Amino acid sequence: MNRDIDKEIHNEAHGMTSIVKTVARFLMGIIFIFGAYIILYGHLTPGGGFAGGIILACGYILLTMSFGKEIGLRKLTDNWASILDNTGALLFLVIGLLGFTAGSFFLNFLGKGNIFDLFSAGTIPLNNIAIGIKVLASVFAVFIALSIFGRVVSDYVEDEEV
Amino acid sequence: MQGYYPLFTALPLAMAFLNLLVSKLSKKVSDYFAFLVMAVLAGMSIKMLFVQPFTYQVGGWAPPWGILLVSDGLSSMILAVINIIGLLSMVFSISYMNTYTAKPKYYTLFLLMVAGMNGVVITGDFFNMYVFLEIASIASYALVGFGCEREELEASFKYLILGGVASTAVLFGIAFLYSMTGTLNMPDVAHQLEFMEMNRAIAFVLAMFIMGFGLKASTVPFHAWLPDAHPSAPAPISAMLSGVLIKALGVYAIARVMFHVFGPNDMISAIMMFLGALSMLVGVIMAVGQSDFKRMLAYHSISQMGYVTIGLGLGLNPNVSPAIAAFGLLGGLFHLANHAVFKSCLFLSSGSFEFRTGTRNKFEMGGLIRRMPVTSATCSIASLSISGVPPFNGFWSKLIIIAAFIQAALYSQGDSKVWFMIYGIIAVFVAFMTLISFVRLQKSVIFGKLPERFASLREAPFSMVVPLIILAALCLGIGIAYPFIHDTLLEAAKDALLDKVSYVNLLIGS
């Protein structure tokens, strides 16, 4: 899937054994595709932004757990997790606020399209995508906060330097 | 104005998330952002006081299905209290929070808490109320532990567990109501309940709500988290927690649900009056012996919230004459607003003293009026106000509550006569004890001998002094302008709360 992940597979220095790493590398793509599917079809099938976001976050958690924290944080740093977290929340709110242009907060102002089409239901798929980003980033951030950070959190140090 | 009603939650939420993004580029701007959004909210909330009642349908969905936002006299009054105190605490934070790290995160949590409280106040939907209750509570758990010291984390954890139990109880009650009525819209639930007899399920829901909202309002059997949580938080947050949060999440929610959804009821009235009297007594007795300045104020919060609860309890009583019930209710609501003003002033001045002296123990301070005259003067005004000395605002609200109970005792029949008299006497006794406690506080902190090591103290920074002066001016101003406030704000809030019929009619009207 990715060159530096391939290099890490037989590196016993960090992460679990190469058996776990091989299986995790194989599963990762499937997990991400499934998560994206759950988010994008959220308005048609069971699931949606939250469930899909959790699945995507589980993909990253699997990566971190099997390959060690260096690889996990290289793919999604805590800084980017925080940025994505805020962006997802803001996107959701902006979609709600855009409803004001058509008259009411959270009004579904886009065309509804045909029922059971992928591009239908107005703003709901967009809301699902925003929630997906938010949940992915915040669940991953909670995971790294609980598991990796010790007493010193990265931006805590930043603040003290200022 | 009506079209922008949802901005009361949307604006602080947007700024909370934007703030963290922007703070990655520059740390300085978050002060201005947070101040700006609170100033806009305070301006909007003052404007709301002069707007007629209306409803707002989120997303254009009609009431029983969609989320309904309700504006009436009560919600306008509480919104004004939340956002004005919020603005002043925010101004105070600008200098005070320099002693902590991660200031942008503090502002984010602060704005999330304001968004949650505004949401609880504007909503007319049970589940929406629960969600906003949780937003405000979770932000406040994090803010209580913001200092990350041992004591603060312990207080935060205790608050988290007890607050979580309260939220679960509220959610459980909402689930029961939903299973009985099949709707979450508050006017619709009220409408459905009118056709039901009192049964065990409703009694269970009442118990859950009294426990859940009572824990958020820290009435006495559920008060254990407050004396730890309020002193541990940074001073502006103590002011917000004690001045606003326990009112918006606890008392406002309980008033809205009990008056508008369940309607006046003998049993709820008796329970609320008893809990109120117990809170007043226990709070004040525990407060007298405290040496920690902020811990003493926290116990007084419990005691003063007892006045509000007892006033609302009398308002809920269907057996006394409607005029007396309305009088008690008015006293409770007035005391709610007054307590927000003087208690946030006291907490902010305690923060100001702590900022300069570095201690919270009131026996280590002394003679501070010679070194910090403005802070001492405002602290003294707020102390007189909380003790109910005329002409400050606390005097009027206590007078109304006591007068309402004495009237209720004189003009009603049966066993309840004795109880009303006892509650009235307790209210007088607690006012007296409060006075003793605050006279002692002033003696040991403001007057007396100045310790050697404080000889070179200076007055607190400008941005900390300004909110104190404004709050002290409000203490005096509300007291003097009482007739005006009574005719405009309080009457509107009281009428809105007593008028269950027009609340139920919101369902048809909108």
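In this predicted model, B:Pro391 is placed in the loop that runs between helix H14 (373-386) and helix H15 (393-410) of chain B. The peptide bond that joins B:Pro390 and B:Pro391 is cis, with an omega of about 5 degrees. Such a bond deserves mention because most peptide bonds are trans.

The phi of B:Ser218 is near 55 degrees, a positive value in a residue that is not glycine. Most residues other than glycine have a negative phi. Because its relative accessibility is 0%, and buried means under 20%, B:Ser218 counts as buried.

In chain A, a positive phi is found at A:Phe106, where the angle is about 60 degrees although the residue is not a glycine. A:Phe106 belongs to the loop between helix H5 (78-102) and helix H6 (124-147) of chain A. Its relative accessibility is 28%, so A:Phe106 counts as partly exposed, a class that lies between the limits of 20% and 50%.

Just after H6(B) comes B:Gly182, which takes a positive phi of about 75 degrees. In chain A, helix H3 (residues 49-67) has 19 residues and reaches 27 Å from its first C-alpha to its last, close to the 27 Å expected at 1.5 Å a residue. The residue that follows H3(A) is A:Gly68, with a positive phi near 95 degrees. Within H3(A), the buried residues include the glycines A:Gly49, A:Gly52, A:Gly53 and A:Gly59, and among the others are A:Leu56, A:Tyr60, A:Ile61, A:Leu63 and A:Phe67.

The secondary structure of chain A consists of seven helices and zero strands, so that the pattern read along the sequence is α-α-α-α-α-α-α. Of the 162 residues of chain A, 36% count as buried. Among the contacts in chain A with a separation of 6 or more, 63% are accounted for by residues 24 or more positions apart.

Chain B contains 19 helices and two strands. The radius of gyration of chain B is 22 Å, close to the 24 Å that the globule rule gives for 510 residues, so chain B is as compact as a globular protein of that length. Along its principal axes, the C-alpha trace of chain B spans about 70 × 60 × 40 Å. Buried residues make up 63% of the 510 residues in chain B, and residues 24 or more positions apart account for 82% of the chain B contacts that have a separation of 6 or more. The accessible surface of chain B comes to about 17800 Å², of which 69% belongs to carbon and sulfur atoms. With regard to charge, chain B carries 29 positive and 23 negative side chains, and the centres of these two sets lie 11 Å apart.

Note on methods: Residues are numbered from 1 along each chain as its sequence is written. Chains are lettered from A and ligands numbered from 1 in the order in which they are written. This is a predicted model: local features need pLDDT of at least 70, side-chain atom pairs count only at pLDDT 80 or more; totals for chains, interfaces and linings use all residues. Side-chain values use heavy atoms; hydrogens and water are left out. Helices (H or I, at least four residues) and strands (E, at least two) are DSSP runs, numbered from the N terminus. The radius of gyration is taken over C-alpha atoms; the globule rule is 2.2 Å times the number of residues to the power 0.38. Buried means under 20% relative accessible area, exposed over 50%, partly exposed in between (1.4 Å probe, protein chains only). Contact means heavy atoms within 4.5 Å. Accessible areas come from the Shrake-Rupley method with a 1.4 Å probe; for residues, only the protein chains shown count as cover. Lys and Arg count as positive and Asp and Glu as negative; His and the chain ends are not counted. The place of a charge is taken as NZ of Lys, CZ of Arg, CG of Asp or CD of Glu. The expected span of a helix is 1.5 Å times one less than its number of residues.
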